[in-house]
Amino acid sequence: NHFFARLSSSIVVDLQPQELNMPVACLAPQISMAGFQRLLQQEPYTVAVFHTSWAPGCAGIDNVVEDLARHNPTVLFLMVDMDACAEISVRNNIIAMPTFVLFRGNRYVSRTTERNPARLRRLIQEALYVRQMVRVAA
């Protein structure tokens, strides 16, 4: 899987679940905003999932993310603990948990606080579809 080969161990703590070969990673707590931006630049699409261990809305979020990763193997899903990565959370204006933020490279595309897997899949597919349409038109 190309995601795992390119991600630096200084940027991510854990690539999970490797046995399923899905593009899901956990951001390292010491990462700076500059490091986060470099990571985003490495991937065509990233969904940063801002969460905390104490927020009731974040319970079971791993299952939602794994489902999304299964349906979108070309998108990197990056778990960002809001407490451990406060600078990144503040700079991305995260005020609700969980928040899913879609990036194309290091550019913001969209965000949602919904946990509905169907809505999240649609959000991601719309972004991928727009890119395909731009590529065809060029």
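The sections below go from the whole chain to helix 2 and then to strand 2.

## Overall chain

The model is predicted. The protein chain holds five helices and six strands. Read from the N terminus, its elements follow the order α-β-β-α-β-α-β-α-β-β-α.

Of the 138 residues in the protein chain, 46% count as buried. Its accessible surface comes to about 7100 Å², and carbon and sulfur atoms contribute 53% of that area. Among contacts in the protein chain with a separation of 6 or more, 65% involve residues 24 or more positions apart.

## Helix 2

Which residues of helix 2 are buried? Helix 2 spans residues 33-42, and its buried residues are M33, G35, F36, L39 and L40. Viewed down the axis of helix 2, these buried residues fall within an arc of 160°, so they line one face of the helix. An α-helix has 3.6 residues a turn, so residues three or four places apart point the same way.

What do the buried residues of helix 2 pack against? Their partners are strand 2 (24-27), strand 3 (45-51), strand 4 (76-81), helix 4 (86-91) and strand 5 (99-104).

## Strand 2

Strand 2, one of the elements packed against by the buried residues of helix 2, has buried residues pointing both ways. V24 and C26 point one way from the strand, A25 and L27 point the other way, and all are buried.

Strand 2 and strand 4 run parallel and are joined by three bridges. The bridge partner of A25 in strand 4 is L78. Strand 4 is also among the elements that the buried residues of helix 2 pack against.

How values were computed
Residues numbered from 1 in each chain as written. Predicted model: local features only at pLDDT ≥ 70, side-chain atom pairs only at ≥ 80, totals over all residues. Heavy atoms only, no water. Buried < 20%, exposed > 50% of the residue type's maximum accessible area, 1.4 Å probe, protein only. Helix = DSSP H or I, 4+ residues; strand = E, 2+ residues; numbered from the N terminus. Arc of directions from axis to C-beta. Contact = heavy atoms within 4.5 Å. Pairing = 2+ DSSP bridges. Areas by Shrake-Rupley, 256 points an atom, 1.4 Å probe, with all protein chains shown as cover.
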